[in-house]
Structures are given as structure tokens and as C-alpha cells.
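User: I have a structure open here and would like to talk it through with you. Could we start with a single residue and work outwards?

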Amino acid sequence: RRPAVIVDLSTTTVASARATAARLAERGIAFADAPVARTREAAQRGELSIMAGADEALYARIEPLLRYIGSDVTRCGEVGCGQVVKLINNALVFENTLALAEMMVLGERAGVQPAVLLDAVSKGSGDSFVLRNHGRKAMLPREFPEKSFPPEYVLKDLSYVLELAAQTGLAARVTELAQRYYAASAEGGWSGRYFPSVIELIDEGAAVNAAPPAQQGRAHG
């Protein structure tokens, strides 16, 4: 039988979420976007963070179900707002990772061991989720496994952020810079590897394109 409600847990563009909701509404089907965040381990424990976009009545119906898989569930607004928050969350992670990678390389070249740097910064206002997770678990040991979140996935999400920025009239310069670095990482031997491998690109001093990939005729999806 026709479903009464569809809840999309994936990360999509904001426009596609709202277009999907409109098409389903014509058929009498309610729709909510509810992208998820956090690590694979958090998913296995049922401790995901879920960012939902739905009207208040629909959210009240689906919230108990979402709380089976998420320890933190937030109604972010109407349909599409879950994607807005998820994309911003991801952009902040990718941009923070890039900044941390650059500072780890700088610190080591200036005589501070990376482990010491992370320990010291973690005790001050420079601490972050990225430092405690991507920094300690991947960039410090320089371990970037395959079948984790690669730069190609980063580029997909950043393209969604930049699409939203263009639609809202914002010049997202920091996100554009991050896009150029991760594109160079994907093209420079780190394709398919865990995205904090961008630290290797920075350490090598590899050239990064001056213009965003989309402006150079490249497509990343």
C-alpha cells in the first residue's frame, strides 16, 4: 500500500528535499528530511545525531522512531532545514580538519611534536571534536584507511553547501578554499582514502588550484 510518511535519512541538497516533499504532498504522502551525523561507532550504538526538517505535527509522529537510532534528535525547522543544518555541520568539520592539518604541519616544522601540540591545544580554546577525533586518530598516526569517508564524498557535500550559498546570495569563500584543497587531495593520490589525508597534501606543499574545480570544467559528485 502507499506509504503515509517517508523520512529520508540521507544527505541531499536542500532544493531536492523540498522538491521531493512537494511532489509527495501531491500524492497525499508526508515527507521529512532527517540526515544523520556522527561516526560509524555511534551508529552501531544507536547514538546518532539526527537533524530533522518537518512541520510540527509530522515531527511529533516521527520523533519516537528517530530516537531509536539517535541519542540527539533536533527539529531544525520545516522541510529542508534538516539538510541545511547537516550541510553546515559537515562543512565545519571539513574546514576545521583542513585548518588543523595546516597547523599540525606548521607546529612540527617549528619544533613542536604533533602529539604535544594536540595535547596542549586540547586543554585550551582551540580544542574541538575534529582535534580529538580526526586529529588524534588519523592525522597524528598518518593512517588514512580506504572504505572510510574519502575526499570525493567531501566534495559532494561541499558542492551542496556551495549550491545553497549561491541560492541564498552568500559568497562562501572558506568553503570554496576547502573545496580546492580536497579536490587536490583526490587528484593527488589520496582518492578513496580517509579525508583527513589532506594533511599529506599540505605537508608535501602540493599545488592547489587557484580557482574552484567547477570553474575549471571539473565535476565532482
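User: Leaving aside neighbours within four places in sequence, which residues is Ser197 in contact with?

Analyst: This is a predicted model, and in it Ser197 is in contact with Phe144, Ser185 and Trp190 once its neighbours within four places in sequence are left aside. Ser197 itself is found in the loop between helix 8 and helix 9.

User: Is Ser197 buried or exposed there?

Analyst: Ser197 is buried, because its relative accessible area is 0%, and the cut-off for buried is under 20%.

User: Helix 9 comes next. Which residue does the side chain of Glu200 meet in a salt bridge?

Analyst: The partner of Glu200 is Arg142, at 3.0 Å from N to O. This pair links distant parts of the chain, since Arg142 is in the loop between helix 6 (129-139) and helix 7 while Glu200 is in helix 9 (residues 198-204), and the two are 58 residues apart.

User: And what about Asp203, which residue does that side chain meet?

Analyst: Asp203 also has a salt bridge, again with Arg142, at 3.2 Å from N to O. Asp203 lies in helix 9 and Arg142 in the loop between helix 6 and helix 7, so this pair ties together parts that are 61 residues apart in sequence. Salt bridges that share partners join Arg109, Arg142, Glu200 and Asp203 into one network.

User: Within that group, how do Arg142, Glu200 and Asp203 count, as buried or exposed or something in between?

Analyst: Glu200 counts as buried, at 15% relative accessibility. Arg142 counts as partly exposed at 27%, and Asp203 likewise counts as partly exposed at 27%.

User: How many salt bridges does the count come to?

Analyst: The count comes to 12 salt bridges. One of them joins the side chains of Glu47 and Arg45, at 2.8 Å from N to O. Arg45 counts as exposed because its relative accessibility is 52%, whereas Glu47 is partly exposed, with a relative accessible area of 31%.

User: Let's switch to helix 7. What should its 18 residues span, and how far apart are the end C-alpha atoms?

Analyst: Helix 7 covers residues 151-168, and at 1.5 Å a residue its 18 residues should span 26 Å; the end C-alpha atoms are 25 Å apart, which agrees. Just after helix 7, Gly169 takes a positive phi of about 80°.

User: Which residues of helix 7 are buried, and what covers them?

Analyst: The buried residues are Pro151, Val154, Leu155, Asp157, Leu158, Val161, Leu162, Leu164 and Ala165. Their cover includes helix 1 (14-25), helix 4 (81-109) and helix 8 (173-190).

User: Back to helix 6 for a moment. Where is Val130 placed, and is it buried or exposed?

Analyst: Val130 has its place in helix 6 and is buried, with a relative accessible area of 2%. If its neighbours within four places in sequence are left aside, Val130 is in contact with Val93, Asn96, Thr97, Leu100 and Gly135. The C-alpha atoms of Val130 and Ala57 are separated by 35 Å, and those two residues are 73 residues apart along the chain.

User: What radius of gyration does the protein chain have, and what would a compact globule have?

Analyst: With 221 residues, a compact globule would have a radius of gyration near 17 Å, and the protein chain has 19 Å, which agrees. Along the principal axes, the C-alpha atoms fill a box of roughly 65 × 40 × 30 Å.

Conventions:
Residues are numbered from 1 along each chain as its sequence is written. This is a predicted model: local features need pLDDT of at least 70, side-chain atom pairs count only at pLDDT 80 or more; totals for chains, interfaces and linings use all residues. Side-chain values use heavy atoms; hydrogens and water are left out. The radius of gyration is taken over C-alpha atoms; the globule rule is 2.2 Å times the number of residues to the power 0.38. Helices (H or I, at least four residues) and strands (E, at least two) are DSSP runs, numbered from the N terminus. The expected span of a helix is 1.5 Å times one less than its number of residues. Buried means under 20% relative accessible area, exposed over 50%, partly exposed in between (1.4 Å probe, protein chains only). Contact means heavy atoms within 4.5 Å. A salt bridge is a side-chain nitrogen of Lys or Arg within 4 Å of a carboxyl oxygen of Asp or Glu.
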